Amino acid sequence: MRVSVEYMSLIRDASGVDAEDLISQTDSLTLADMLEHLAENHAEPFRAAVLDNSGTMHPWLMVTVNDVLVRSPEAILRDGDRVTIAVPISGG
Amino acid sequence: MTPSPPTPLPPFANPTSPIDDTDRATYQWQLWTPGFDEVSQARLKSATVLISRVGGLGSPVAYELAAAGVGHLILCHAGNLKHSDLNRQLLMTHDWIGRPRIESAARRLRDLNPRLEITAIPDNMSDANAERLITQADLVVDAAPLFEERLAMNDASVRLGKPVVECAMYEMQATLTTVIPGITPCLRCLVPEPPKPWKREFPVFGAVAGTVGCMGAMEAIKLLTGLGTPLAGRMLSMDLRTMQFRITDLGAPPSCPVCIAAHRTR
């Protein structure tokens with residue numbers, strides 16, 4: 001399966017790229033699995049930006065799947081899904 | 001996971017102050033807008049809007065609301081003007097360096113609209129003042145740079161049942177959404193605690209602030225008058241680097257402790 005991932009705000013800064021595809025040999029993937037895969041592929045600032053010290057998704061991380069906000073790390077992703085990941089912004 | 005359809009909302013301001021001939025002349029061009037009539041203009045004239053910070057984002061919000069004929073603005077902003085404010089804080093001018101920002105904002109708004117009533121508060125929003133100030137407003141526009149301020153204002157607005165337009169920016173990106181207490185997720189539903197990576201100072205152009213600030217003002221006008229369909233329960237995200245605009249469905253109904261407690265007391 002292939003999931004397209006787009007990074008926004010401080011996550012884009014931490015990843016160093018605007019977007020990438022995640023390819024998995026499985027038919028589905030949880031959001032938590034996806035974040036762990038992405039963290040393995042990036043330098044440490046990215047892991048710290050998306051996961052806490054116990055490997056759990058930060059409570060404030062904003063993840064959308066096909067333009068719908070998803071809050072559960074157990075949400076299932078499937079082939080062709082479009083994901084965005086962002087730290088909420090507060091610039092005023 | 002598919003987005004749900006947007007919902008129109010009733011107006012949040014009552015038309016208690018009728019418009020006069022000067023209003024008719026001043027607002028003639030917007031009164032030609034389909035769906036916006038003299039009662040709508042009277043709703044704006046009768047409305048009180050609180051704007052938290054009149055810096056980069058809040059300046060264009062306040063300016064556009066003053067131009068559109070909102071009757072009363074409550075403005076909150078602490079501190080004195082610095083050179084580094086001037087690339088984006090359009091209610092500030094070079095001759096005001098070192099003097100209170102809130103006074104510059106009030107002065108510029110009165111130049112634009114002498115009939116505008118302004119309550120200028122030389123403090124930022126906090127748990128100490130949020131409820132007292134928000135209770136006087138029909139609607140709140142959040143343009144604060146720190147999540148601590150935003151969450152204090154969010155919690156008080158949810159308790160008081162006041163809608164909040166949430167404007168935010170970073171670098172060449174911006175977001176906009178509207179919180180309707182009891183109907184949509186509030187800011188604390190989305191951001192339960194301040195994100196650790198967020199810093200008070202960040203890269204941004206004034207044109208980014210102007211873009212999302214004007215959109216926030218339009219959202220406020222829609223909410224006050226019942227015009228169009230606001231971003232209730234949806235978030236507009238924009239990346240001005242690529243000119244990509246996207247609307248996200250914020251999904252689940254209000255679920256945070258603040259929303260649940262407010263629902264119990266209603």
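Helices (H or I, at least four residues) and strands (E, at least two) are DSSP runs numbered from the N terminus. This is a predicted model, in which local features need pLDDT of at least 70, side-chain atom pairs count only at pLDDT 80 or more, and totals for chains, interfaces and linings use all residues. Residues are numbered from 1 along each chain as its sequence is written, chains are lettered from A and ligands numbered from 1 in the order in which they are written, and side-chain values use heavy atoms, with hydrogens and water left out.

Among the buried residues are B:Phe147, B:Glu149, B:Arg150 and B:Asp155. The buried residues of H7(B) pack against strands E1 (48–52), E4 (139–142) and E5 (164–170) and helices H6 (130–134), H8 (187–190) and H10 (257–265) of chain B, contact meaning heavy atoms within 4.5 Å. Just after H7(B), B:Gly161 has a positive phi of about 70 degrees.

Elsewhere in chain B, helices H4 (residues 58–68) and H5 (residues 101–112) pack at about 30 degrees, with their axes 9 Å apart. H4(B) is therefore roughly parallel to H5(B), a term for angles under 35 degrees. B:Ala62, B:Tyr63, B:Ala66 and B:Ala67 in H4(B) meet B:Arg108, B:Leu109 and B:Leu112 in H5(B).

Terms used: Axes are lines fitted to C-alpha atoms, for helices over the stretch in contact, and angles run from 0 to 180 degrees between N-to-C directions. Angles under 35 degrees count as roughly parallel, over 145 as roughly antiparallel, 65 to 115 as roughly perpendicular and the rest as oblique. Buried means under 20% relative accessible area, exposed over 50%, partly exposed in between (1.4 Å probe, protein chains only).
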